[in-house]
Amino acid sequence: GYVVMKVVDEKYVYYFNGEKEWEEPIVERTGVLDIATMKWLIKPSEKNDIQYLLYSALEKLSKEYENNDGSLNTSVGISKNQVIENRKKADVYIISHKYKIYDLKLNLLEPRKGID
């Protein structure tokens, strides 16, 4: 249901009489797009540090798009209802480039102290 999207502003290079005068750097903004609603869950920003998403679930997620052998059946789409059902079963986490873990509200998740 969610996808990390990278929005990249073009790199502009300015020339005068064939000589490069200056260039503006590429600006990358990342965010999380809800593919069921096509709305930004986390709007793209330069401040976001999103490398990828992970999920965990205590029960098996429904996978109508898998073949009997578990391989991906690319001819079948994932229904919106299936996405909604899977969201009820799973927790989704953001992994940053520094390998910090956040929830979808960008709260940093840290290990509890004193747990054996």
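In which sense do strands E7 and E8 pair, and over how many bridges? E7 and E8 (residues 101–102) pair in the antiparallel sense over two bridges; strands count as paired if DSSP finds at least two bridges between them. The model is predicted: local features need pLDDT of at least 70, side-chain atom pairs count only at pLDDT 80 or more, and totals for chains, interfaces and linings use all residues. Residues are numbered from 1 along each chain as its sequence is written, and side-chain values use heavy atoms, leaving out hydrogens and water.

**Fold**
- The protein has one helix and nine strands, as DSSP runs (helices H or I, at least four residues; strands E, at least two) numbered from the N terminus.
- Along the sequence the pattern is β-β-β-β-β-β-α-β-β-β.

- E6 (residues 52–57) contains tyrosine 52.
- E6 pairs with E7 (residues 90–95) in the antiparallel sense over six bridges.
- The bridge partner of tyrosine 52 in E7 is isoleucine 95, while isoleucine 94 has tyrosine 102 in E8 as its partner.
- Five residues lie between the strands in the hairpin of E7 and E8, where tyrosine 99 takes a positive phi near 60 degrees.

**Surface**
- Tyrosine 52 is partly exposed, at 33% relative accessible area (buried is under 20%, exposed over 50%, partly exposed in between; 1.4 Å probe, protein chains only).
- Of the 116 residues, 14% count as buried.
- The protein exposes about 9400 Å², of which carbon and sulfur atoms supply 51% (Shrake-Rupley method, 1.4 Å probe).
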